[in-house]
Amino acid sequence: MWYYEKKLQYPVKVRQCNPRLAKYLIEQYGGADGELSAALRYLNQRYTIPGKVIGLLNDIGTEEFAHLEMIATMIYKLTKDATPEQLEEAGIAPHYVNHEKSLFYHNSAGNPWTAAYIQSKGDPIADIYEDIAAEEKARATYQWIINLSDDPDLNDSLRFLREREIVHSQRFREAAQLLIEERDKKIIF
Amino acid sequence: MSNTYTKYYYPYISPFDPCKPIIRKSYPTPPQMYLGFQPPNLPQFEIKEALYRGTLWPALYSKYDKKDYRGEYDE
């Protein structure tokens, strides 16, 4: 069960109306390495993984939803008052035809989100390594979006999200260690 | 730790490459590649600073600035 806090994890500020950036950002909304995939992947894996890493999957999976909201806010702000002509120039007329300004879970090429993006192998090592890879891929995606974006306020929020991917990757790497290490051996830091 | 967080390589450049070649290419290798299991009692950022940076831990902070369109990274 969750409690909802009616605020974003980190402020989202957008300097200019730029529907083209929204087209790129939607990759992190409904793409393979996006926040929706991340949240559902971790929260689903929780049930069939050793107890000592369930809490981690729960916490990170929950945080991914907070990131999803930030991405949604960015996309909304970038397109809110754009004219259909501006959307067409930005290459998102096909989205407009189907969804008007509403958001939809697809990637920046327009492919709808699919459960095939998330893996659940039931093997704890396979699942945690998948999660580490997912975090690194999401980090890379943020880098490429930052490189394409010339909105300094938006990049500030994107840098925050990229850093969170790094922290998550670190925690998953530690989770892998917890699952791998010999339980009867003394841990020396 | 003396790890570098950017790595460089020099790809083959053909005399027939259509775009202006990028001589030195780079890719990021952020701190989580090296930290291992995080040791206890590492230094922390001030709380407001931590919120801004996205992590409590200087050891895990990775700066990322917009790269120029040539894709060349500098430390």
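Leaving aside residues up to four places away in sequence, A:Tyr29 touches A:Gly34, A:Glu35, A:Leu36, A:Leu68, A:Ile71, A:Ala72, A:Ile75, A:Leu103 and A:Tyr105. These contacts, like everything described below, are read from a predicted model.

A:Tyr29 also belongs to the largest nonpolar core, which has 39 residues, and there A:Tyr29 is one of the members that touch the most other members, together with A:Ala22, A:Leu25, A:Ile71, A:Met74 and A:Ile75. Several helices of chain A each supply at least two residues of this core, namely helix 1 (19-25), helix 3 (35-45), helix 4 (51-79), helix 7 and helix 8. Of these, helix 4 of chain A provides the largest share, 10 residues. As general background, nonpolar side chains tend to be buried together in soluble globular proteins.

Helix 4 of chain A also holds A:Asp59, a residue that UniProt lists, in an unreviewed entry, under "binding site"; this annotation may be inferred rather than shown by experiment. A:Asp59 counts as partly exposed because it has 13 C-beta neighbours inside 10 Å, a number that lies between the limit for exposed residues, 12 or fewer, and the limit for buried ones, 20 or more.

A:Glu100, in the loop between helix 6 (93-99) and helix 7 of chain A, has a positive phi of about 50 degrees although it is not a glycine. A:Glu100 is classed as exposed because 10 other C-beta atoms lie within 10 Å. In chain B, B:Asn41 is likewise not a glycine and has a positive phi, here of about 65 degrees, and B:Asn41 is found in the loop between strand 2 (25-28) and helix 1 (47-53) of chain B. With 6 C-beta neighbours inside 10 Å, B:Asn41 therefore counts as exposed.

Definitions and conventions: Residues are numbered from 1 along each chain as its sequence is written. Chains are lettered from A and ligands numbered from 1 in the order in which they are written. This is a predicted model: local features need pLDDT of at least 70, side-chain atom pairs count only at pLDDT 80 or more; totals for chains, interfaces and linings use all residues. A nonpolar core is a set of buried Ala, Val, Leu, Ile, Met, Phe, Trp, Tyr and Cys residues joined through C-beta atoms within 7 Å. Helices (H or I, at least four residues) and strands (E, at least two) are DSSP runs, numbered from the N terminus. Two residues are in contact if their C-beta atoms, placed from the backbone, lie within 7 Å.
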